[in-house]
Amino acid sequence: MRSTSSTNRKPRAAKTAAAALAAALALSLSACGGDDDKSSSDSGPTGGTATGTGVTLPKLNGQSLQVAAVWSGEEQANFKKVLAEFEKRTGAKVTFVPAQDPIVNFLGSKIAGGQPPDVAMLPQPGAIKQAVDKKWAKPLGAEAKAELAKNYSQGWQDIGKVGGTQYGVYYKAANKSLIWYNAKVFENAGATEPKTWAELLTTAQTVYDSGVTPFSVGGAEGWTLTDWFENVYLSQAGPEKYDQLAKHEIKWTDPSVKDALATLGQVWGKKDYVAGGAKGALQTDFPASVTQVFTGGDQPKAAMVYEGDFAQVNIQTAKAKVGTDAKVFPFPKAGDTAPVVSGGDAAVILKDSKAAQALATFLASPDAATIQAKLGGYLSPNKNVDISSYPNPVQQKIAKALIQSGDDFRFDMSDQAPQAFGGTPGKGEWKALQDFLANPKDIAGTQAKLEADAAAAYGN
């Protein structure tokens, strides 16, 4: 299971675009101030069927829809505002259904019980393919496909295809090559933003010497660890090997994997570099890994946290301001180029109807994405969302860089894998890297476990 766009990508073009994207981020991110001002009344287009808006929607009075996603907290609340706009414009009633990871298992139980949601937000290309293989997913109609063609690069359209048929609308994207930091801690320590892995280690030591633990790691959720690995691996091994490993065309026992794990071990295995040590990190979920960097005044539990642009939602929860209290730099290059890894969530129709197709069409439009863009903590691959819609200069620069990268990006490797390997808590890659976080010296054992699990999941 893999994205069609990444399997066909030209490595040299992707490398060039990745370098350009990283350079654009490096020039702009940390310099940006941030004013998180936003008005709930200024949340997006309103009105009738097509008046003053970019997408035409049918009237759906009396019809109801269920939309399932794993989102929680502010992410869920913000998405519900998008659904509320759809209700207002169509007259349909939309219910959000909280799902659990792995979402394919959750959907399987719903379908077996005869109660599938109408639309599901799937976080992996592999999950889309599973839904198609199980004959759950329904192809997108002409209106949704037309909206996609108008607003998305070919690469983002292709990721939502299986066998050449369009099933997914990538409503939400992520730049997963960012490290956020507590600006006050860096200022007190005299630390500077690193551009290379070696410089990152120097910065970490400077922060440590000032009395603050350098890194917060959300190891309770294995996906954060796969993201760490992917950035190091893409930078060190390069785009071509990245694609090969994503398709399991090379084994996890390959020397390139050994090199990436050894590099990760320079952070994960360094005594007192990770908040709470390995044991504490393995008990820290992603939201806590972010908020503990931006609470505690001058003495937070850690100075830096790696994760994507979506961490802004959690930064805001900590009452910190992006661009002033919380700043960001691109993931430092561990090899020849700085890595650029993307992820995303796609809307897939499970119960075909006029209302479900209309919702998919709406989610493919800039109308929908603009609403959530203004709320923060969200990034759209929709190229027709006005960059000024994003609530602060940092987010605007991240969004602009993503759109300018066009088709030449690398999608999250674990999201391209079969879910049993790349997307299941307590199993496969998630579990192997959690075990590696606990024992970073066991590189060979980690490689062997990764390869055994990958071979079983990929069937080769």
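A: Strands (E, at least two residues) and helices (H or I, at least four) are DSSP runs, numbered from the N terminus; two strands pair if DSSP finds at least two bridges between them. The model is predicted: local features need pLDDT of at least 70, side-chain atom pairs count only at pLDDT 80 or more, and totals for chains, interfaces and linings use all residues. Residues are numbered from 1 along each chain as its sequence is written, and side-chain values use heavy atoms, leaving out hydrogens and water.

Q: What is the order of the strands in the open sheet of four strands?

A: The order is S8-S9-S7-S10, with mixed pairing. Strands S8 (215-216) and S10 (326-330) form the edges, each pairing on one side only. S8 and S9 (residues 304-306) run parallel and are joined by two bridges; Phe215 stands opposite Met304 in S9.

Q: How many aromatic pairs does the structure hold?

A: Rings of Phe, Tyr and Trp (its six-membered ring) pair if their centres lie within 6.5 Å; planes under 30 degrees apart count as stacked, over 60 as edge-to-face and the rest as tilted. The structure holds 25 aromatic pairs. In one of them, the rings of Phe286 and Phe310 have centres 5.7 Å apart and planes at 65°, so this pair is edge-to-face. Phe286 belongs to helix H14 (residues 286-291) and Phe310 to the loop between S9 and helix H15 (311-317), so the pair ties together parts 24 residues apart in sequence.

Q: Which residues form one aromatic cluster?

A: Trp197, Phe215, Trp228, Trp268, Tyr306, Phe331 and Phe436 form it.
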